[in-house]
Amino acid sequence: MPRSDNRESAFWPERVTVDGKEVRTAFRVRYAETDQMGLAYYANYLVWFEVMRGDFMRALGVPYTELEAQGYYLPIIEAQVRYAAPARYDDAIEVVARIKKVGSRSVTFVYRVEREGKPLATGWTVHCPMGKNGKPRAFSRELLSRLRPLTDEG
């Protein structure tokens with residue numbers, strides 16, 4: 001995986017850091033992401049997970065655009081979020097992710113949303129690789145060889 005100090009790449013946003021098998025992305029809660037109480041709306045955590053997955057795959061050197069060019073789409077087939085504390089407008093938060101497991105026909109990401117190192121939420125998403133025809137397909141050996149070392153088992 002590329003190092004966190006690699007700022008030269010067009011695929012490497014400054015907000016992203018890599019720590020072993022974990023990737024972190026940082027941003028502030030935007031006003032549009034909050035409800036009338038000033039708290040981050042619960043569904044936005046899933047959006048933040050998506051932002052993280054994009055950053056994670058770029059950090060791996062396989063941006064989603066490259067996956068799609070190879071005919072892979074990764075729809076979510078399961079998702080869970082457990083909320084511990086609210087995020088508020090303008091909070092600086094970090095989303096931390098790693099790959100829990102990868103098989104020939106699925107990949108599971110786990111996430112932690114933090115503010116100043118304190119957990120706000122945890123969750124996971126399971127993805128099934130599909131082709132342009134919408135049918136499940138197996139990951140290529142090359143892609144598996146890039147993902148497996150990053151798993152909890154790898």
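**Loops and exposure**

Modeller: Let's begin with Asp90, which sits in the loop between β3 and β4 (92-103). Helices (H or I, at least four residues) and strands (E, at least two) are DSSP runs, numbered from the N terminus. This is a predicted model, so local features need pLDDT of at least 70 and side-chain atom pairs count only at pLDDT 80 or more, while totals for chains, interfaces and linings use all residues. Residues are numbered from 1 along each chain as its sequence is written, and side-chain values use heavy atoms, leaving out hydrogens and water.

Biologist: What is the phi of Asp90 near?

Modeller: Phi of Asp90 is near 70°, a positive value in a residue other than glycine. Glu116, in the loop between β5 and β6, has a positive phi too, about 50°, and Glu116 is not a glycine either.

Biologist: How do I read exposure for Asp90 and Glu116, exposed or partly exposed?

Modeller: Look at relative accessible area: buried means under 20%, exposed over 50%, and partly exposed in between (1.4 Å probe, protein chains only). Asp90 has 38%, so Asp90 is partly exposed. Glu116 has 75%, so Glu116 is exposed.

Biologist: Where is Tyr42?

Modeller: Tyr42 is in the loop between β2 (22-28) and α1 (44-60). Tyr42 counts as exposed because its relative accessibility is 52%. Its C-alpha atom is 27 Å from that of Lys21, a residue 21 places away along the chain.

**The sheet**

Biologist: How many helices and strands does the protein have?

Modeller: There are three helices and six strands. From the N terminus on, the elements run β-β-α-α-β-β-β-β-α.

Biologist: And in what order do the strands form the sheet?

Modeller: In general, strands of a sheet pair through backbone hydrogen bonds, either parallel or antiparallel. Here we say two strands pair if DSSP finds at least two bridges between them. In this model the six strands form an open sheet in the order β1-β2-β4-β5-β6-β3, with antiparallel pairing. The edges are β1 (16-19) and β3 (76-83), each with a single partner strand, so one side of each has no neighbour in the sheet. From one strand to the next, the twist averages 20°; axes are lines fitted to C-alpha atoms, for helices over the stretch in contact, and angles run from 0 to 180 degrees between N-to-C directions.

Biologist: Which strand pairs with β3 over seven bridges?

Modeller: That's strand β6 (residues 118-127), in the antiparallel sense.

Biologist: Thr108: buried or exposed?

Modeller: Thr108 is in strand β5 (residues 106-115). With a relative accessible area of 7%, Thr108 is buried. Contact means heavy atoms within 4.5 Å. Not counting residues up to four places away in sequence, Thr108 touches Arg98, Ile99, Lys100, Lys101, Thr125 and Val126.

**Salt bridges**

Biologist: How many salt bridges does a search of the whole structure find?

Modeller: Side chains of opposite charge can pair when their charged atoms come close. A salt bridge is a side-chain nitrogen of Lys or Arg within 4 Å of a carboxyl oxygen of Asp or Glu. The search of the whole structure finds nine. One of them joins Arg24 and Glu114, whose closest N and O atoms are 3.3 Å apart. Arg24 lies in strand β2 and Glu114 in strand β5, so this pair ties together parts 90 residues apart in sequence. Both Arg24 and Glu114 are buried. They also belong to a network of salt bridges linking Glu22, Arg24, Glu94, Arg112 and Glu114.

Biologist: What does Arg30 form a salt bridge with?

Modeller: With Glu33, at 2.6 Å between the closest N and O atoms. Arg30 is partly exposed at 41%, whereas Glu33 counts as buried at 8%. Over in helix α3 (residues 141-147), Glu142 and Arg146 are four residues apart, about one turn of the helix. They form a salt bridge with closest N and O atoms 3.6 Å apart.

**The whole protein**

Biologist: What share of the 154 residues is buried?

Modeller: Buried residues make up 41%. The C-alpha trace spans about 45 × 35 × 30 Å along its principal axes. Among contacts between residues at least 6 apart in sequence, 66% join residues at least 24 apart.
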